[in-house]
Every structure is written in structure tokens, then in C-alpha cells.
Amino acid sequence: MIYEICTDRLLLRQWQDSDYAPFAKISSNAEVMQYFPKILNRQESDELADKIRTLIAENGWGLWAVELLETQEFIGCIGMHAQPTKFDFSPCIEIGWRLDPQFWNHGYATEGAEACLRFAFEELYFQEIVAFTSKNNIASQKVMEKLGMTFSHDFLHPDLDDTHPLREEKLYRIQKQDFKF
Ligand SMILES: CC(C)(COP(=O)(O)OP(=O)(O)OC[C@H]1O[C@@H](n2cnc3c(N)ncnc32)[C@H](O)[C@@H]1OP(=O)(O)O)[C@@H](O)C(=O)NCCC(=O)NCCS
């Protein structure tokens, strides 16, 4: 069974073929990708979308495609991803988001992610969700704070080498008992 989440303004759903072109546009935008190691070309973006779609098909949840209910436009992705081993705080479930810049600062990331947290705690029985981002990604940290997540500690991303400017990351956490249902 593949779960969908509906909020006042958003539908979080399984990916479909028509999402791939707008996702590639988002993932090749230098502003969107400024806190990621690289911008993605069409093939890399499609491969990532395939991977995300497969995980949702296998687990029923994941990094959902986000559709604006009013216009049915694909505006990006919001959801959760399991990190069983990569980090020294693994195993963990991380929550993440990537939206088209034309839809930034309307509260969409917070609205979608809040619904994901509720779903994660109520339906999937997770006890804790984490989020992390580059120390300079203030918008993303703002979303984490608006969700009620608490700063835990700074860490160095294990996939990036010592000199990489994005290596320093901030980890936030929220536990089920602290989520305002
Ligand atoms: C992070 C992201 C998903 C936020 O999406 P969004 O829908 O604009 O988020 P929201 O509107 O829910 O909240 C954004 C908050 O950050 C604030 N903000 C945005 N840019 C900011 C900046 N440069 N400095 C300080 N605050 C900023 C907004 O004012 C808003 O806070 P407010 O509601 O208190 O005014 C979006 O910026 C994005 O897709 N970024 C690129 C991808 C990315 O970095 N993903 C995260 C990787 S871990």
C-alpha cells in the first residue's frame, strides 16, 4: 500500500512520469542546489526520482512528490528517508524537502513536513525524526524550528572531504512526545 498525505493546500503522493521534467528543472537550479554537493543533470535527476519512487513503492512512504491541490502542479518533494548506517547518529529516519523556488516562502515546506511528522509518529510509530542541513542553509533550519525540532549538534558530513565547504552540517531532532499533534 502506498500512502498519500493531504493537507489544506498540498497532496503528497507517489511520483509519476510527468514529475520528472519539473523535478529536473528544480534539481538543475543553482539557487535550489546551493547547499547540495552538485547540481544534477537530467539523467542524474531522473535516476534520483527513480530511486525515490522505488523506495516509496517498497515501503509505502518516502520522499513524496508534492502537488499543489489548487492547480495540481508538481512543486517538489517532501518526506522521509531511512539512514540505517551512514551517520554516527544512525540508524535514523530523516525528513527533507526540496521545492521549486517560485513556491518558496508560502509555508509549503512547513505544512507538508508537519503532516509528514504527524504521519510518521501516528501511523508508522516512529519514535524520533531527524533533519540536517548545511550550517548556512538558514531557510531549511527555519523550517526545522517551525516544526518544533530542536538543534542537537554540529557534525561533519561523512560523504564530503575535509576541505568541502558544505561539510559542516547542523542536526535537528524531534521525538514523538514533543510533537504538537
Ligand atoms: C528549504 C525550503 C524547502 C523551504 O521551503 P519553503 O516552502 O519556502 O519553507 P516555508 O515557507 O515553510 O518556511 C521558510 C522559512 O524560512 C524563512 N527564510 C527563507 N529564506 C531565509 C533566509 N535566507 N534567511 C532567513 N530566513 C529565511 C522564511 O521567511 C520562512 O520563515 P517564516 O515563516 O518564519 O517567515 C526551500 O527553500 C528549498 O527548497 N530550498 C532548496 C532545497 C533545500 O535547501 N532543501 C533542504 C536541504 S536539507
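The legends below describe close-up views of a predicted model. Local features are taken from residues with pLDDT of at least 70 and side-chain atom pairs from those at pLDDT 80 or more, while totals for chains, interfaces and linings use all residues. Residues are numbered from 1 along each chain as its sequence is written, and side-chain values use heavy atoms, with hydrogens and water left out.

**View 1. Helix α1 crosses helix α2.** The axes of α1 (residues 20-27) and α2 (residues 42-59) come within 9 Å and cross at roughly 120°, the helices being DSSP runs of H or I with at least four residues. That angle makes α1 oblique to α2, a class left over once angles under 35 degrees (roughly parallel), over 145 (roughly antiparallel) and 65 to 115 (roughly perpendicular) are set aside.

**View 2. Residues of α1 meet residues of α2.** Tyr20, Ala21, Phe23, Ala24 and Ser27 of α1 are in contact (heavy atoms within 4.5 Å) with residues of α2, including Arg42, Leu48 and Arg53. By class, 6 nonpolar, 2 polar and 4 charged residues make up this contact of α1 with α2.

**View 3. The ligand is surrounded by 21 residues.** An oxygen atom of the ligand is 2.6 Å from a polar backbone atom of asparagine 105, and a nitrogen atom of the ligand is 2.8 Å from a polar backbone atom of tryptophan 97.

**View 4. A cis peptide bond joins serine 90 and proline 91.** Omega of this bond is about 0°, and proline 91 belongs to the loop between β4 (74-83) and β5 (92-99), where strands are DSSP runs of E with at least two residues.

Conventions. Axes fitted to C-alpha atoms, helices over the stretch in contact; angles between N-to-C directions. Left-handed = near helix turned anticlockwise from the far one by under 90°. Nonpolar A, V, L, I, M, F, W, Y, C, P; charged D, E, K, R; others polar. Near = heavy atom within 4 Å. Polar contact = N/O pair within 3.5 Å; in protein donor to acceptor, adjacent residues only side chain to side chain.
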